[in-house]
Amino acid sequence: MASETVHLEGHIIDSLTLSKVLDLVLQLGGNYEITRFVIGPTRTDQSHADICISAPSEGLLDEILHQIGQHGASRPTAEINTESAPADGVFPDGFYATTNLDTEVYLKGAWLTVADIEMDCAILLEGADRDTRAVCVPIIRVQRGDRIVVGDIGVRVRPVARRDPDSIFSFMGSEVSTERPKELIVEAVVQGMISARAEGRRTLFVGGPAIVHTGAGRCLEAIIRAGWIDVLFAGNALATHDIENSLYGTSLGVELRTGIAAAHGHEH
């Protein structure tokens with residue numbers, strides 16, 4: 001049995017981060033024991049938890065630690081590992097795939113905040129000694145020889161902050177959405193396509209990645225093959241999700257066959 005203790009801090013109760021981490025440990029086949037738990041006494045105070053994670057093997061433990069690390073569970077402090085980019089526009093194997101959460105890396109005894117953080121990128125170290133900076137870099141900007149962080153040792157993310165119920169954007173975090181008569185909209189679109197074909201006009205379809213993410217890609221393919229769509233407009237996201245689905249059977253890291261997030265799926 002392999003085990004390791006991780007630390008979780010922030011508004012981990014209000015944001016349900018603690019529950020997500022513990023559920024994820026069990027779903028992946030591990031066990032946990034909360035060895036230390038300090039609850040912030042006020043709404044502005046952070047909570048802290050030390051959690052001992054155990055798994056039947058080192059490999060499974062590493063996978064669990066990697067997954068919960070995306071929710072802010074930090075491993076014992078250790079220096080980050082880096083490798084040089086092998087070519088322009090190419091990340092080294094095993095690069096740390098960033099999330100959209102505030103991220104820090106541990107280097108030479110101090111935590112450095114990663115600048116310009118965004119998801120699906122890598123972490124680049126610029127400069128040397130005290131002038132070293134950690135910067136989020138997309139693959140199109142990486143150059144051969146750049147120092148890129150690999151693995152997740154020495155990397156930690158900050159869990160999402162408490163949601164303010166008075167925020168006008170708070171509805172975006174809710175799983176409840178307004179039901180609309182979608183059947184009527186679909187029927188109107190169908191009638192428009194039938195009319196266009198009867199009049200000898202062409203139909204242009206503007207698509208987004210949700211087509212693949214919701215499992216509707218095969219339906220769109222069937223409509224195109226049947227001759228009902230003449231032109232397809234889309235950004236790079238539709239193609240990217242379609243390629244991901246073809247290679248890994250996932251979209252946004254979620255297995256379309258089961259609806260379950262794949263291990264390391266966010267890296268796809």
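Colleague: Which residue of S3 is the bridge partner of glycine 10?

Modeller: In this predicted model, the bridge partner of glycine 10 in S3 is serine 47.

Colleague: What makes S1 and S3 a pair of strands?

Modeller: Pairing requires at least two bridges between the strands. S1 and S3 are joined over nine bridges, in the antiparallel sense, and therefore they qualify as paired.

Colleague: Why is one side of S1 and of strand S2 (31–38) left without a neighbour in the sheet?

Modeller: The open sheet has three strands in the order S1-S3-S2, with antiparallel pairing. S1 and S2 stand at the edges with a single partner strand each, so one side of each has no neighbour in the sheet. On average, neighbouring strands are turned by 20° against each other, direction ignored.

Colleague: Which strands does H1 touch as it packs on the sheet?

Modeller: H1 touches S1, S2 and S3, and its direction makes about 160° with that of S2.

Colleague: What makes a set of residues a nonpolar core, and which members of the largest one touch the most other members?

Modeller: The members must be buried residues of nonpolar types, joined through side-chain atoms within 4.5 Å. The largest such core has 19 residues, of which Val6, Leu8, Ile51, Ile53, Ile64 and Ile68 touch the most other members. Strand S1 (2–10), helix H1 (17–27), strand S3 (47–55) and helix H2 (58–69) each supply at least two of its residues. Apart from this core lies another, of 14 residues, including Leu101, Val105, Cys136 and Val155.

Colleague: Which residues does leucine 8 touch, leaving aside those up to four places away in sequence?

Modeller: Among them are Leu18, Val21, Ala49, Ile51 and Ala73.

Definitions and conventions:
Residues are numbered from 1 along each chain as its sequence is written. This is a predicted model: local features need pLDDT of at least 70, side-chain atom pairs count only at pLDDT 80 or more; totals for chains, interfaces and linings use all residues. Side-chain values use heavy atoms; hydrogens and water are left out. Buried means under 20% relative accessible area, exposed over 50%, partly exposed in between (1.4 Å probe, protein chains only). Helices (H or I, at least four residues) and strands (E, at least two) are DSSP runs, numbered from the N terminus. Contact means heavy atoms within 4.5 Å. Axes are lines fitted to C-alpha atoms, for helices over the stretch in contact, and angles run from 0 to 180 degrees between N-to-C directions.
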